[in-house]
Amino acid sequence: MATQTQAARARRAGPRAAPAALAPQQTPAPEQAPSPAVPPLRRAAAEIVGTAALVTVVVGSGIQATRLSQDTGVQLLANVLATALALWVLITLLAPVSGAHLNPVVTLADWWSARGGPTAYGVRTVALYVAAQTAGAIAGAVLADAMFDRPLISWSTHDLSAAHLLLGEAVATAGLVLLVTGLVRSGRTQPVPAAVAAYIGAACWCTSSGSFANPAATVGRAFSDTFAGIAPGSLPGFLAAQLTGTAAGLALAAALFPSGRPFREDPC
């Protein structure tokens, strides 16, 4: 009876508090009191603030980099370093509140992985998170423009519609979903902030798209005609590539981590 009560409380709690969520589906022992559920509005506020801060860093560091150097390699290096560090800090800070998804594909992957388990939550929670993340991303781009005395909204002219760029974006997103799903399914949530930051930093350099890997941030970056922007006309292709990458990442995670239990090497 105690276990059933705890499972019901977990369902009401919404997305899990592990960084990028996707935690193993385990029911706490009867003597363990479940942590108090974070109210939905507080979780949404954390996602708005976190995604806004992330996009502010992405866009703002891009503006600053182009003002300080004309070398595109140096500009990319500055932008990537700032983005990776921001991810590490924001996930570490906000994970206990909302799970620190900061990204609709992470929310979708978490929802899909949790379905049917004690931590499952509904479509309304997914919609709340995605809306909060998108609003935060747009606010972050506008804030970055304001800080650098630019027009608050200036639609990007950076066209990213070529097929090879869409392939790169699908690959980048698949890798991110595989990373967060695989780590948490295998019971290793502690390194998630550093691992996600390191992955995005690496993917920005090795993928043709620059590894946006975040539909909310992609929409937000269309509002700023800067180094980190994307033209509104490129959004449909990029968003489709990200959703395709999400499905591929989930499929890979299911194949590599099917049980949701820590991996143990088979004896020889």
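Visitor: Why is threonine 246 called buried?
Guide: This is a predicted model, and in it threonine 246 has a relative accessible area of 5%. Buried means under 20%, so threonine 246 is given that label. Threonine 246 is part of helix H9, residues 235–256, and, once residues up to four places away in sequence are set aside, it touches Val105, Thr173 and Val177.

Visitor: Which label does valine 80 receive, buried or exposed, and what makes it so?
Guide: Valine 80 has a relative accessibility of 6%; the limit for buried is under 20%, and therefore valine 80 counts as buried. This residue belongs to helix H3, and apart from its neighbours within four places in sequence it is in contact with Gly201, Cys204 and Trp205.

Visitor: How far apart are valine 80 and glycine 201, in sequence and in space?
Guide: The two residues are separated by 121 residues in sequence, yet from C-alpha to C-alpha the distance is 5.6 Å. For the protein chain as a whole, 81% of the contacts with a separation of 6 or more are accounted for by residues 24 or more positions apart.

Visitor: How do you know that arginine 150 and aspartate 145 form a salt bridge?
Guide: The N to O distance between their side chains is 3.4 Å, and the rule asks for a side-chain nitrogen of Lys or Arg within 4 Å of a carboxyl oxygen of Asp or Glu, so the pair qualifies as a salt bridge. By this rule the count comes to one.

Visitor: Why is aspartate 149 called exposed?
Guide: Its relative accessibility is 73%, and exposed means over 50%, so aspartate 149 takes that label. Aspartate 149 sits in the loop between helix H5 (123–147) and H6, and its phi is near 55°, a positive value in a residue other than glycine.

Visitor: What is the phi of leucine 102, and why is leucine 102 called buried?
Guide: Leucine 102, although not a glycine, has a positive phi of about 60°. It lies in the loop between H3 and helix H4 (104–114), and its relative accessible area of 2% is to be set against the limit of under 20%, so leucine 102 is buried.

Visitor: Which residues touch the most other members of the largest nonpolar core?
Guide: Among the 24 residues of that core, they are Leu54, Leu87, Ile91, Leu176, Val196 and Ile200. H2, H3, H6 and H7 each contribute at least two residues to this core, and the largest share, eight residues, comes from H3. In general, nonpolar side chains in soluble globular proteins tend to be buried together.

Visitor: What does isoleucine 200 contact beyond its neighbours within four places in sequence?
Guide: Isoleucine 200 is in contact with Thr83, Leu87, Leu176, Ser211 and Ala213.

Visitor: What makes serine 211 buried?
Guide: Serine 211 has a relative accessible area of 3%, and since buried means under 20%, the label applies to serine 211. Serine 211 is found in the loop between H7 and H8, where, not counting residues up to four places away in sequence, it touches Glu169, Ala172, Ile200, Ala203 and Cys204.

Visitor: How much space lies in the second largest pocket, and which residues are closest to its centre?
Guide: The second largest pocket holds about 540 Å³ of space, and of its 34 lining residues the closest to the centre are Cys204, Gly210, Ser211, Phe212 and Arg221. H3 provides the largest share of this lining, seven residues, and by class the lining has 21 nonpolar, 12 polar and one charged residues.

Note on methods: Residues numbered from 1 in each chain as written. Predicted model: local features only at pLDDT ≥ 70, side-chain atom pairs only at ≥ 80, totals over all residues. Heavy atoms only, no water. 1 Å grid on protein atoms, 1.4 Å probe; cavity = no way out; pocket = protein on both sides within 12 Å on 5 of 7 lines; lining within 4 Å. Points joined across faces, edges and corners; volume = space filled by probe spheres on them. Helix = DSSP H or I, 4+ residues; strand = E, 2+ residues; numbered from the N terminus. Nonpolar A, V, L, I, M, F, W, Y, C, P; charged D, E, K, R; others polar. Core = buried A, V, L, I, M, F, W, Y, C linked by side-chain atoms within 4.5 Å. Buried < 20%, exposed > 50% of the residue type's maximum accessible area, 1.4 Å probe, protein only. Contact = heavy atoms within 4.5 Å.
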